[in-house]
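Let's take a friendly walk through a protein model. Have a look at the sequence and the 3D view before reading on.

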Amino acid sequence: MLSQPSVPLPTTPASTAPAPPAVVVRDWRRVYANRLALTDALVLIWVVFGTQLVWFDFDQETTSVGFDAARVAVNYTVISLVLIGAWMIVLRVFGTREARIVGSGNTEYKLIADASIRLFGLVAIVAFLFKLDLARGYFLLAFPLGILVLLLSRWMWRQWLSVQRARGKYSSLVLLVGSADSAEHIAAELGRSTDSGYRVVGACVPTGKVGGTLGSTTIPVSGTVDTVLQALEATGADTVIITSSDELTPVRVRQLSWSLEPGRQHLIVAPSLTDIGGPRIHTRPVAGLPLIHVETPRYEGRKRFSKRFFDILGSGAILIVASPILLIVALLVKLTSPGPVLYRQERVGLNGEPFNMLKFRSMRVNADAELAALLAQQGTSDRPLFKVQNDPRLTRVGATLRKFSLDEFPQLFNVFRGDMSLVGPRPQREGEVALYDSAAKRRLIVQPGMTGLWQVSGRSALSWEDAIRLDLYYVENWSLMGDVVILWRTIRAVVAPGKEAH
């Protein structure tokens, strides 16, 4: 065990050991932010000057500014340069390139849109006050096109960053500090998504011995809560995440924050909350205490109306557009196997109410009578199950229909009439619902969906526990924009299904 002085002591001497390579290379945050800035500049130059050329068709190069007696001619090239510069400034001021928000979540995209809207609102006010005869092309073309191309550029960078982070690069190197159980829990949560940009390289626990590992993980124990600074030097970590520990009093946490090197080492306090979306969390400092307010999820009033309106509009539009596909699939089902085209099965919906869910029939008639024996053969009859692997009951076209989710299309009628939603936890049979624990029952407080978060996160390859965790995250953090993202990911999964689709 390391035997140097405790972290709270302000006179803790600096280690004389040479710094690991990770701390002498260029900070990935600055490198990535500079690359984003360069790409943003190229995008804005292309959009703004492209708008100038297209709108004026090379015929008009100047405008005027000022009042009747003292109007001054201003070259549109100057206006374009000023607009590009102002746009770059607001993107910087709004923190669209901050390491805390790039790589995952929607905050980066929201800030880009917010900054751009505010900029053009300010430009419109200035043009009105100073009677600037500004071409409408900047507002009608450059403004919306600029936002779209900026978002596309950031999305492309995010795909690159995701690959790099999966390889362990461009991530904050994290040292966990707290009790063994809480540190292991936080490590597991961070390990679920490498996109977040946190890679755990060590842990300091109250009874830890250097050389051991944290619980059932492979994360090395780098010391105790008294040797955090030394563990930082030994691991090359740049971020300390405090999980929880009775030994970490508020005074010791404050002294630890003072001991970190400003700008290079960062402190994060992880509360005992998981699977809580950002819009539900509000931090409010009260009497020096950073109180975290967590809103209780509510599904009533405007939220319920907007979701229902979205379902009616979306399902109706898809039914109209996809009607030729529905007709073709219906003919294939009818011509390749005896029995009805549609299959009706009772499922459990909102608040535990049963309803008849529609599907194109992908199995032989009376296939339900064989289910219990198949589940027993698979050894999964004691827990909810979504799919039977290598199902022998499938018809000739049934496997193809399931792989591309074509058998699910009739559920659009369920959505249109209000039994289901486009997005939500998948409805299950009464026998499966009977196996729910108290946590899983929260799936029933929202309408079931044709697709959901777990369907676009692994489908049948996920364990029951992971599927429940994703469904509960959706239930706790529903938003209309989240539904749009899930639908987009569903389209991608249907067009290019992976091995987990069956």
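Here is a short tour, from the whole chain down to single residues.

## Ground rules

This is a predicted model, where local features need pLDDT of at least 70, side-chain atom pairs count only at pLDDT 80 or more, and totals for chains, interfaces and linings use all residues. Residues are numbered from 1 along each chain as its sequence is written, and side-chain values use heavy atoms, with hydrogens and water left out.

## The whole chain

The protein chain has 15 helices and 13 strands. Both kinds of element are DSSP runs numbered from the N terminus: helices are H or I with at least four residues, and strands are E with at least two.

Now for contacts, meaning heavy atoms within 4.5 Å. Among contacts with a separation of 6 or more, 71% link residues 24 or more positions apart.

## Two nonpolar cores

A nonpolar core is a set of buried Ala, Val, Leu, Ile, Met, Phe, Trp, Tyr and Cys residues joined through side-chain atoms within 4.5 Å. The largest one here has 29 residues, and those touching the most other members include Phe360, Met420, Leu453 and Tyr474. Helix H9 (323-336), strand S11 (354-360) and helix H14 (464-476) are among the elements that each supply at least two residues of this core. A second, separate core has 20 residues, including Ile84 and Met88.

Leu453 is in contact with Leu470, Tyr473, Tyr474, Ile486 and Arg489, leaving aside neighbours within four places in sequence. In soluble globular proteins, nonpolar side chains tend to be buried together.

## Either side of strand S6

Asp238 sits in the loop between helix H6 (228-235) and S6. Asp238 is buried, with a relative accessible area of 11%. Its side chain makes a polar contact of 2.9 Å with that of Thr239. A polar contact is a pair of N or O atoms within 3.5 Å; within protein, one must be able to donate a hydrogen and the other to accept it, and residues adjacent in sequence count only if both atoms are side-chain atoms.

Thr243 lies in the loop between strand S6 (239-242) and helix H7 (250-259). Thr243 is buried too, at 8% relative accessible area, and its side chain joins that of Ser182 through a polar contact of 2.8 Å.

Note on methods: Buried < 20%, exposed > 50% of the residue type's maximum accessible area, 1.4 Å probe, protein only.
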